Amino acid sequence: MPCDISTGRTEACKESVGGLRNIYIGNFVSGLYADVLSNLDSDEQVTALTTDLVVYKFELRGDNNTFEETNENSRDNGTSFWTQTGTIALKKQDAATQKALKLLSYGRPHILIEDYNGNFRLAGAQNGVEVSVGTATGGAMGDLNGYNITFEGKEKEPAYFVDSAIVGTGLDFDVNATVINP
């Protein structure tokens with residue numbers, strides 16, 4: 001793989017915003033990474049999937065949800081990888097959500113992140129992500145009563161952008177299982 005870049009970038013217009021709209025969580029699928037690699041365009045965006053990825057939608061509202069990536073390199077070891085980290089707050093505790101989050105913490109799911117610019121990114125494409133769940137009830141009436149979720153993935157590549165056309169229109173409205181596969 002060549003290490004030399006072949007393009008630059010001009011200053012971007014001020015037309016984007018921060019924030020996460022939704023996350024979609026799917027159980028780990030062992031063949032997904034190979035499928036992703038075989039369906040990348042020249043910008044390394046996923047344009048198709050032949051592997052079914054069943055995901056569950058979690059709606060996010062508020063300013064306390066983040067997704068970040070950090071590239072870590074070692075000249076001594078000749079390694080480079082990406083750490084993908086997300087923090088999500090889900091409001092209101094209930095038995096069904098607690099059960100789902102408990103199971104989520106036992107696995108290593110794939111997480112599809114949707115931001116307010118209409119971008120979709122796939123975290124944990126190769127290795128899945130580790131999920132930690134915290135339950136919170138504050139001392140004041142205005143404090144959070146809900147769940148704080150943290151996920152972390154370590155991947156050879158940054159989270160891939162996913163073409164919104166393959167995510168499907170039904171995904172925006174369905175909190176139940178949705179299959180991403182046109």
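Predicted model: local features only at pLDDT ≥ 70, side-chain atom pairs only at ≥ 80, totals over all residues.
**Aromatic pairs and an open sheet**

How many aromatic pairs does the structure hold? There are two. Take Tyr24 and Phe120 to begin with: their ring centres are 6.3 Å apart and their planes meet at 40 degrees, so this pair is tilted. A pair counts as stacked under 30 degrees and as edge-to-face over 60, so an angle between those limits is what makes a pair tilted. Tyr24 belongs to strand S1 (residues 20-26) and Phe120 to strand S6 (residues 120-123), so the pair ties together parts that lie 96 residues apart in sequence. Both Tyr24 and Phe120 are buried.

Now back to Phe67, whose partner is Phe151. These two rings are stacked, with 6.2 Å from centre to centre and 20 degrees between the planes. Here too distant parts of the chain are linked: Phe67 sits in strand S3 (residues 66-74) and Phe151 in strand S8 (residues 145-155), 84 residues apart. Phe151 is buried as well, with a relative accessible area of 1%.

The charged end of Arg108 sits over the ring of Phe28, 3.7 Å from the ring centre. You can find another case at Phe161, where Arg121 lies over the face of the ring, at 4.4 Å from its centre.

S3 and S8 lead us on to the sheet. In what order do its strands come? Four strands make up this open sheet, in the order S3-S4-S8-S7, and they pair in the antiparallel sense. At the edges you'll find S3 and strand S7 (130-137), each of which pairs on one side only. On average, neighbouring strands here are turned by 15 degrees against each other, if you ignore direction.

Let's follow S8 through its neighbours. On one side, strand S4 (residues 79-91) runs antiparallel to S8, and 10 bridges join the two. If you'd like a spot to look for, Thr87 stands opposite Thr150 in S8. S8 also pairs with S7, again in the antiparallel sense, over eight bridges. There, the bridge partner of Glu130 is Glu152 in S8, while Gly134 stands opposite Asn148, also in S8. As for what holds such partners together, strands of a sheet pair through backbone hydrogen bonds, either parallel or antiparallel.

How confident is the predictor along the chain? Among the elements of the protein, S8 has the highest mean pLDDT, 97, whereas strand S10 (residues 178-180) has the lowest, 60.

One last stop is Cys13, in the segment before S1. Is Cys13 buried or exposed? With a relative accessible area of 60%, Cys13 is exposed. Exposed means over 50%, which is why that value qualifies. Between Cys13 and Leu112 there are 99 residues of separation in sequence and 26 Å in space, taken from C-alpha to C-alpha.

Definitions and conventions: Residues numbered from 1 in each chain as written. Heavy atoms only, no water. Phe/Tyr/Trp six-rings, centres within 6.5 Å; stacked < 30°, edge-to-face > 60°. Buried < 20%, exposed > 50% of the residue type's maximum accessible area, 1.4 Å probe, protein only. Lys NZ or Arg CZ within 6 Å of the ring centre and 35° of its normal. Pairing = 2+ DSSP bridges. Axes fitted to C-alpha atoms, helices over the stretch in contact; angles between N-to-C directions. pLDDT = per-residue confidence, 0-100.
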